[in-house]
Amino acid sequence: MSPNTLFETQIIPVADKMYRFALSILKETDSAQDVVQECLVKIWKNRNKLSEIQSPEAWAMRITRNQCYDWVKTNRFTVLSDNERNQPHSDQTDYELILSDHTQWLEKVLETLPNKQREVYHLREVEELPYQDIADTLSLSLSEVKVYLHRARTKIRSSIEQIEAYGIAN
């Protein structure tokens with residue numbers, strides 16, 4: 001298969017996952033789009049290597065992760081304050097407000113996780129990557145991936161239970 005065809009069949013379908021992963025790290029849509037675009041350009045320039053790569057998806061996700069952290073270093077990354085993110089929306093129903101609260105609680109809990117745990121959790125639970133691809137993406141062993149995922153799930157579960165029982169977040 002030609003390098004162009006490999007790029008179209010193996011990388012382009014992963015672009016949405018790359019974007020979601022970048023967004024989970026950067027928390028800003030424009031920055032995430034820029035990073036993914038840079039990643040796609042970088043992969044395009046190295047498309048001749050695609051035939052040699054065992055897991056192109058994991059490779060693309062690793063490039064995305066590295067590019068995100070480079071972006072953070074060079075752009076003095078800032079996150080929206082809670083006040084900016086929590087502006088009330090008058091058209092929301094009670095269900096939508098409850099769902100929004102639960103989403104915010106989960107985001108706050110995820111922010112308390114160490115980076116590796118948060119990344120492993122996102123790649124497994126959101127992107128639904130296989131354990132081996134996560135290990136390849138983050139340069140971890142398979143057992144480390146399982147340990148990080150277990151610890152993340154345990155921390156999330158206990159924090160959510162505490163929030164639901166007492167209405168407090170860490």
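## A right-handed crossing

Helix 7 and helix 8 cross in a right-handed sense. This is a predicted model, and in it helix 7 spans residues 115-126 while helix 8 covers residues 131-138. Their axes come within 10 Å and cross at roughly 140°. Angles over 145 degrees would count as roughly antiparallel, so at roughly 140° helix 7 ends up oblique to helix 8.

Who does the touching? On the helix 7 side, the contact is made by Lys116, Glu119, Val120, Leu123 and Arg124. Helix 8 brings Tyr131, Ile134, Thr137 and Leu138 to the contact.

## Glutamine 67, tucked away

Now over to helix 4, which runs through residues 56-75 and holds glutamine 67. Is glutamine 67 buried or exposed? Its relative accessible area is 10%, and buried means under 20%, so glutamine 67 is buried.

The side chain of glutamine 67 has a polar contact of 2.9 Å with the side chain of lysine 42. Setting aside neighbours within four places in sequence, glutamine 67 is in contact with Val35, Glu38 and Cys39 as well as Lys42.

## The chain as a whole

Zoom out and the secondary structure comes to nine helices and zero strands, giving the pattern α-α-α-α-α-α-α-α-α along the sequence. The chain has 170 residues, and 31% of them count as buried.

What about contacts across the sequence? Taking those between residues at least 6 apart, 67% join residues at least 24 apart.

Note on methods:
Residues are numbered from 1 along each chain as its sequence is written. This is a predicted model: local features need pLDDT of at least 70, side-chain atom pairs count only at pLDDT 80 or more; totals for chains, interfaces and linings use all residues. Side-chain values use heavy atoms; hydrogens and water are left out. Axes are lines fitted to C-alpha atoms, for helices over the stretch in contact, and angles run from 0 to 180 degrees between N-to-C directions. Helices (H or I, at least four residues) and strands (E, at least two) are DSSP runs, numbered from the N terminus. Angles under 35 degrees count as roughly parallel, over 145 as roughly antiparallel, 65 to 115 as roughly perpendicular and the rest as oblique. A crossing is left-handed if the near helix is turned anticlockwise from the far one by less than a right angle, and right-handed if clockwise. Contact means heavy atoms within 4.5 Å. Buried means under 20% relative accessible area, exposed over 50%, partly exposed in between (1.4 Å probe, protein chains only). A polar contact is a pair of N or O atoms within 3.5 Å; within protein, one must be able to donate a hydrogen and the other to accept it, and residues adjacent in sequence count only if both atoms are side-chain atoms.
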